[in-house]
Amino acid sequence: MPDDIHSETYPDAPVRFIRTDDPNGSPEKGVGLCLSGGGYRAMLFHVGAILRLNEAGILKDIARISSVSGGSITAGVLGYRWKKLTFGPSKVASNLNAEFVAPVRELASHTIDTTSIFGGILTPGSIADKVAQAYDKRLFKGATLQDLPSDAEGPRFVINATNVQSGVLWRFSKPYMADYLVGQVLGPKVPLAVAVAASSAFPPFLSPVELDLNHSDFKPDSSCPLQKKPYTTQVVLSDGGVYDNLGLETVWKRYDTVLVSDGGGKMAAEEEPKRDWGRHAIRVLDVIDNQVRCLRKRQLLDSYKLTTGPMKRSGAYWGIHTEISGYNLPDALPCPEDRTEELANTPTRLKRLEPLHQERLINWGYAVCDAAIRRYYNPNSVGKGQFPYPDTGV
């Protein structure tokens, strides 16, 4: 039986169904949040969205946060700090800025991609090792996946990477890490910095991340055709966005309400694309990523429009390239399109951003999330928000 047999039944689903899924079953009641990739640009854009969701009392009730690439930096910090958040009776965390925003902004004040590349070339250890070391030094301080909240303490944080060997999603979480073809490792003690580095291992420069495991680490499962060496002993991972650039799959399949924050880039036209093999390959990867992202987005939005059936989902999508006027809210926060498009064109890098640029990206993520949730998700009980940095705007 083909692994994606159900995809033939529902070709318009925004995710790929596999043989272990039941696409005809009803999703659970619950809210999931997806955080896309996009380097520091997406990382900070998502910070703004998290701030708005917190103010609206929505963040506390989210059941799952699924992330890829730059979104996994945001999610990793939020997950690591979650148990320190102080939620009041209104379900609003009063210390989110100190516990979550400040460390993310501190990271955004440092360049770690080029320094890791040169470090990986000139000193012992791979480029990916250097990225993980930078994340650990500045964000995670030796924490592992076991330092994330349990399902009883907060959302299930799922940090997604792509398994280059099996060609499918590799999921890191507190209860287990898994690839449905290779199997599960229960209670993994992988450093959180390594999981985030794997999820954000942008090809070709920061990829791959390699996990050295023991075959005995895996829960025996005869239904996993690749549960054998070397798949179980040396796992080769790349950016989660290679497989699922919105971090959508693990949420859309599970919950009936799907919120998506998309800080991904938009491919621009090139009159004279480069002909050398390296830059040509990068351009081709951009074309593939852009097409897959657009297809998933269209199919996701279609699922919101359905009235019945197994593909129906509720929720809201907001993107860094969204025109805020499209939400038709007379009191949307002022976000001129020329200014927001400038922010959306911030390079997909792990490169230092000036404090003013950081604040503008956070404000933009906050503003467009505000418009999306007030227009489509909870229009009756969510009051209008205000920019986190009112003197900066976008």
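In the predicted model, Pro-230 lies in the loop that runs between strands β7 and β8, the latter formed by residues 234-239. The peptide bond leading from Lys-229 into Pro-230 is cis, and its omega angle is near 0°. A cis peptide bond also joins Ser-207 to Pro-208, with omega at about 5°. Pro-208 is placed in the loop between helix α7 (192-199) and strand β7 (209-212).

Lys-91, which is not a glycine, has a positive phi near 65°. Lys-91 belongs to the loop between α3 (70-81) and α4 (96-107), and with a relative accessible area of 37% it is partly exposed. For Asn-328, phi is near 55°, again a positive value in a residue other than glycine. Asn-328 occurs in the loop connecting β10 (314-319) and α10 (337-344). Its relative accessible area is 59%, so Asn-328 is classed as exposed, the cut-off for that class being over 50%.

At the level of the whole chain, the secondary structure consists of 11 helices and 10 strands. The radius of gyration is 20 Å, close to the 21 Å that the globule rule gives for 394 residues, and the chain is therefore as compact as a globular protein of that length. The C-alpha trace spans about 60 × 50 × 50 Å along its principal axes. Of the 394 residues, 54% are buried. When contacts between residues at least 6 apart in sequence are considered, 74% of them join residues at least 24 apart.

The surface and the charges of the chain were also examined. The accessible surface comes to about 17,100 Å², and carbon and sulfur atoms account for 53% of this area. There are 45 positive and 44 negative side chains, and the centres of these two sets are 3 Å apart.

The largest nonpolar core contains 100 residues, among which Leu-53, Leu-78, Tyr-135, Phe-172, Trp-318 and Trp-364 touch the most other members. Helix α11, comprising residues 355-377, gives the most to this core, contributing 10 residues. With neighbours within four places in sequence set aside, Leu-53 is in contact with Leu-33, Ile-58, Leu-59, Ile-62, Leu-259, Trp-318, Cys-369 and Ile-373. Among these contacts, Trp-318 is also one of the core residues that touch the most other members.

Helix α7 provides an example of a buried element. In this helix, 8 of the 8 residues are buried, so α7 is largely enclosed by the rest of the structure. The buried residues of α7 are Leu-192, Ala-193, Val-194, Ala-195, Val-196, Ala-197, Ala-198 and Ser-199.

Ser-66 is situated in strand β2, which covers residues 64-68. The relative accessibility of Ser-66 is 0%, and the residue therefore counts as buried, since buried means under 20% relative accessible area. Beyond its neighbours within four places in sequence, Ser-66 is in contact with Leu-33, Cys-34, Leu-35, Val-158, Asn-160, Gly-247, Thr-250 and Val-251.

Asp-262 is located in strand β9, formed by residues 255-262. This aspartate is buried, having a relative accessible area of 5%. The C-alpha atoms of Asp-262 and Ala-201 are separated by 18 Å, the two residues being 61 apart along the chain. Phe-118, by contrast, is exposed, with a relative accessible area of 53%. Phe-118 forms part of helix α5, which comprises residues 113-122. Between the C-alpha atoms of Phe-118 and Lys-130, which are 12 residues apart along the chain, the separation is 9.4 Å.

Methods:
Residues are numbered from 1 along each chain as its sequence is written. This is a predicted model: local features need pLDDT of at least 70, side-chain atom pairs count only at pLDDT 80 or more; totals for chains, interfaces and linings use all residues. Side-chain values use heavy atoms; hydrogens and water are left out. Helices (H or I, at least four residues) and strands (E, at least two) are DSSP runs, numbered from the N terminus. The radius of gyration is taken over C-alpha atoms; the globule rule is 2.2 Å times the number of residues to the power 0.38. Buried means under 20% relative accessible area, exposed over 50%, partly exposed in between (1.4 Å probe, protein chains only). Contact means heavy atoms within 4.5 Å. Accessible areas come from the Shrake-Rupley method with a 1.4 Å probe; for residues, only the protein chains shown count as cover. Lys and Arg count as positive and Asp and Glu as negative; His and the chain ends are not counted. The place of a charge is taken as NZ of Lys, CZ of Arg, CG of Asp or CD of Glu. A nonpolar core is a set of buried Ala, Val, Leu, Ile, Met, Phe, Trp, Tyr and Cys residues joined through side-chain atoms within 4.5 Å.
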